[in-house]
Amino acid sequence: MAIWIAVAVVVLAGAAFAVSRLKPAAPTVDASAVWPDTVKRGNMIRQVRGSTGTLTPREDSIELIPALTEATVVRIRVLPGTIVKPGTVLMDLAAPEVQQKLLDAQLQVKAAEADYRALQATLHSTLMDKKMAAAQVNADYTTDQLQAKTDEQLFHLGEISGIAYQKSKNTADQLEAQHKLSLQQLDMNEKNIEVQLSSAQAKIDQAKALLALYNKQNDALQVKATIEGEVDPLQVPVQVGMHVTAGQSVAEVVQLGKLKAALQIAETQARDITIGLPASIDTHNGVVPGHVTRIDPAVLNGTRTVDVVLDGALPAGAVKGLSVDGTIDLEHLNNVLYVGRPALGNENSTLSLFKEDPDHKGATRVQVKVGRQSVQYIQVLDGLKEGDTVILSDMSRYDNVDRIRLE
């Protein structure tokens, strides 16, 4: 009996020791509650996603109409949201001083033109007198030249004395000098006329420019759209009776169809975005291709604004202010291992994931080295091979175990 008791004690002690050395049983996890994915090899598009974006007007589609002069709003013809065409009158302004300036400018143009005509007549009259005097000198010069030649011949024939011939020659030479001088004076007078008329014409041009300015200001009192689009509300609404200053915006028209997507991208992801990258904008009623045109350098609440111009036609119902999602293609990775992006973990790090058994009834923890990540996928560098199935769900509650059972 004592021997049997001793043997039983030894057996029980050994069993107790063996049980104490056993590891805890693997916890059971509902297989339908986890998110598995299979490791694949192929081409992976690296992307970033902006889940909060808005369709906004492009800068070249906005017409902001300012008041050209101080005026008072006397009538508003269209309200925000109205579709207008070029030439549509948006509102009427009143500025009595502009009317007075316009009238004064018209009178100044007429006065400048009258002064020009009077000066032109006076100068032409003076020029005619100069031409007549020059013509008389030219006639005397021609006559004396002929007389001098005749006297020269008579002198050689001995018909007249040398004194008579010399007198005739001196008279001809004197008239020749007067003739040249009269021609120079006539040329200078014509040039002087050109200068004076140019000065008078400049006054006319100045008066007309001022008239054109006041005409433009007067025409602008009837505020018109120059493009086809939709009247947009101003930050400071304009109302009847309001006094506006020169340069103050009184209306805004936005061209329909010229919209861009302003995506909010996390600062850590926006650093890899460059101008020109292709993008896809989901309007929730269709996907429109586009490309990146601007990256806002400012960071607000951990995000940066990335503008995407749409290259395709907008689907029905896509209007400014519509919430959209956007995906930007960063690069193409060819012939790489990749798997779905896990719920927890960052790119270029080592992740702890559960790899499922071939029969999918259990999973064992493995260390996986990953590289670049995209919206849906992450590159696998080490720890997994093609065809392996891993659990991508948040498994942080099982951090203290290395194996689980799937049922």
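A salt bridge is a side-chain nitrogen of Lys or Arg within 4 Å of a carboxyl oxygen of Asp or Glu. The whole structure holds 17 salt bridges. This is a predicted model, where local features need pLDDT of at least 70, side-chain atom pairs count only at pLDDT 80 or more, and totals for chains, interfaces and linings use all residues. Residues are numbered from 1 along each chain as its sequence is written, and side-chain values use heavy atoms, without hydrogens and water.

| Salt bridge | N to O distance |
|---|---|
| Asp272 and Arg46 | 2.6 Å |
| Asp92 and Arg77 | 3.0 Å |
| Lys320 and Glu230 | 3.5 Å |

Asp272 sits in the loop between α4 (267-270) and β13 (278-282) and Arg46 in strand β3 (residues 40-57), so their pair ties together parts 226 residues apart in sequence. Helices (H or I, at least four residues) and strands (E, at least two) are DSSP runs, numbered from the N terminus. Arg46 counts as buried, at 6% relative accessibility. Asp272 is partly exposed, at 30%. Buried means under 20% relative accessible area, exposed over 50%, and partly exposed in between (1.4 Å probe, protein chains only).

Lys320 lies in the loop between β15 (303-310) and β16 (323-340), and Glu230 in strand β9 (residues 229-231), so this pair ties together parts 90 residues apart in sequence. Lys320 is partly exposed, at 28% relative accessibility. Salt bridges with shared partners also join Glu59, Lys260, Arg294, Asp296 and Asp307 into one network.
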